[in-house]
Amino acid sequence: MRTEISSADQWWPVATPFGEMVLCGNNRVLHHILLPGGGAATWKGETSHRSCSASIAEAERQLEAYFSGKLLHFDLPLEPSGTEWQLSVWRALEDIGFGETRSYGDIARAVGKPTAARAVGSANHANPLPVVVPCHRVIGADGSLTGYGGGLDLKARLLAHERGVLARRA
C-alpha cells in the first residue's frame, strides 16, 4: 500500500557523519529521507513536535548504527510512494548486499526488463528513501559512479564506508 505525505507526518533532521539528513514519517512508517547535498541542504522546515515519531526514532537509531558500522541491513517499516515500476526497482535494490554494487543493467534484469537500464536510473533518481533503500549501490556497467541525489561525492563516501566496515570485520 502506498500513501502520500500528509500533514500528520513529521519531518525530523538527523546529524550523520556525512551531513544532516531529514527523515519524514509517522508513528507507523518512514516515507522519505532527504540527503545532505540534496533536499536536506535546502530544507527549511520546522519540526512540529518536541520528540520524533516511533518510525523516525527507529530510523534514526538504525542510521546511527549503520554509520558506526554496527548495522549491515536496515529493518524499518517503509511506505514509499511511487509507480509499480519504481516500487519493483526499489525492492530489487534492497537485495544488493552491504558493500556490494550492481549495475543499472543488473537491476533491469532482476526486475525482468533487461533493456530498461535507463528506466532503472530514473527510478533510482525518484527513490524517496536513499541509504535505507540503497540506490547508492547501483553503478555504471563499466564500474563508474553515476548520478546520485546527494551527489557523486556522497555516493562514493557511502560505498567507501561500507567497504571499510567489511574490511574491518574481515
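**Entry 1: aromatic rings**

I looked up Phe-74 in this predicted model and noted that, at 11% relative accessibility, Phe-74 counts as buried, because the limit for that class is under 20%. I then went through the ring pairs, of which the structure holds four. The rings of Phe-18 and Phe-67 have their centres 5.4 Å apart and their planes at 90°, so I recorded this pair as edge-to-face. This pair links distant parts of the chain, since Phe-18 sits in the loop between β1 and β2 while Phe-67 belongs to helix α2 (residues 54-67), 49 residues apart. I checked both partners for burial and found a relative accessible area of 16% for Phe-18, which is buried, and of 12% for Phe-67, which is buried as well.

Returning to Phe-74, I found that its ring forms a tilted pair with Tyr-66, at 5.3 Å centre to centre and with 35° between the planes. Tyr-66 is buried, with a relative accessible area of 0%. Ring pairs link Phe-18, Tyr-66, Phe-67, Phe-74 and Phe-98 into a cluster.

**Entry 2: the hairpin**

I turned next to strands β1 (residues 10-16) and β2 (residues 19-25), which run antiparallel and are joined by seven bridges. The two strands form a hairpin with two residues between them. For Trp-11 I looked up the bridge partner in β2 and found Cys-24. In a regular strand the side chains alternate between the two faces of the sheet. In β1 I listed Gln-10, Trp-12, Val-14 and Thr-16 on the covered face, and Trp-11, Pro-13 and Ala-15 on the uncovered one.

**Entry 3: charged pairs**

Which residue forms a salt bridge with Arg-28? I found Glu-79, with the closest N and O atoms 3.7 Å apart. This pair also links distant parts of the chain, with Arg-28 in the loop between β2 and β3 (30-34) and Glu-79 in the loop between α2 and α3 (84-93), 51 residues apart. Glu-79 is buried, with a relative accessible area of 7%.

Glu-58 and Arg-61 form one of them, with the closest N and O atoms 2.6 Å apart, and both residues lie in helix α2, three residues apart, which is about one turn of the helix. Glu-58 counts as partly exposed at 25% relative accessibility, and Arg-61 is partly exposed with a relative accessible area of 48%. The side chains of Glu-100 and Arg-102 meet in a salt bridge at 3.1 Å, N to O. I noted Glu-100 as partly exposed at 35% and Arg-102 as partly exposed at 31%.

How values were computed
Residues are numbered from 1 along each chain as its sequence is written. This is a predicted model: local features need pLDDT of at least 70, side-chain atom pairs count only at pLDDT 80 or more; totals for chains, interfaces and linings use all residues. Side-chain values use heavy atoms; hydrogens and water are left out. Buried means under 20% relative accessible area, exposed over 50%, partly exposed in between (1.4 Å probe, protein chains only). Helices (H or I, at least four residues) and strands (E, at least two) are DSSP runs, numbered from the N terminus. Two strands pair if DSSP finds at least two bridges between them. Rings of Phe, Tyr and Trp (its six-membered ring) pair if their centres lie within 6.5 Å; planes under 30 degrees apart count as stacked, over 60 as edge-to-face and the rest as tilted. A salt bridge is a side-chain nitrogen of Lys or Arg within 4 Å of a carboxyl oxygen of Asp or Glu.
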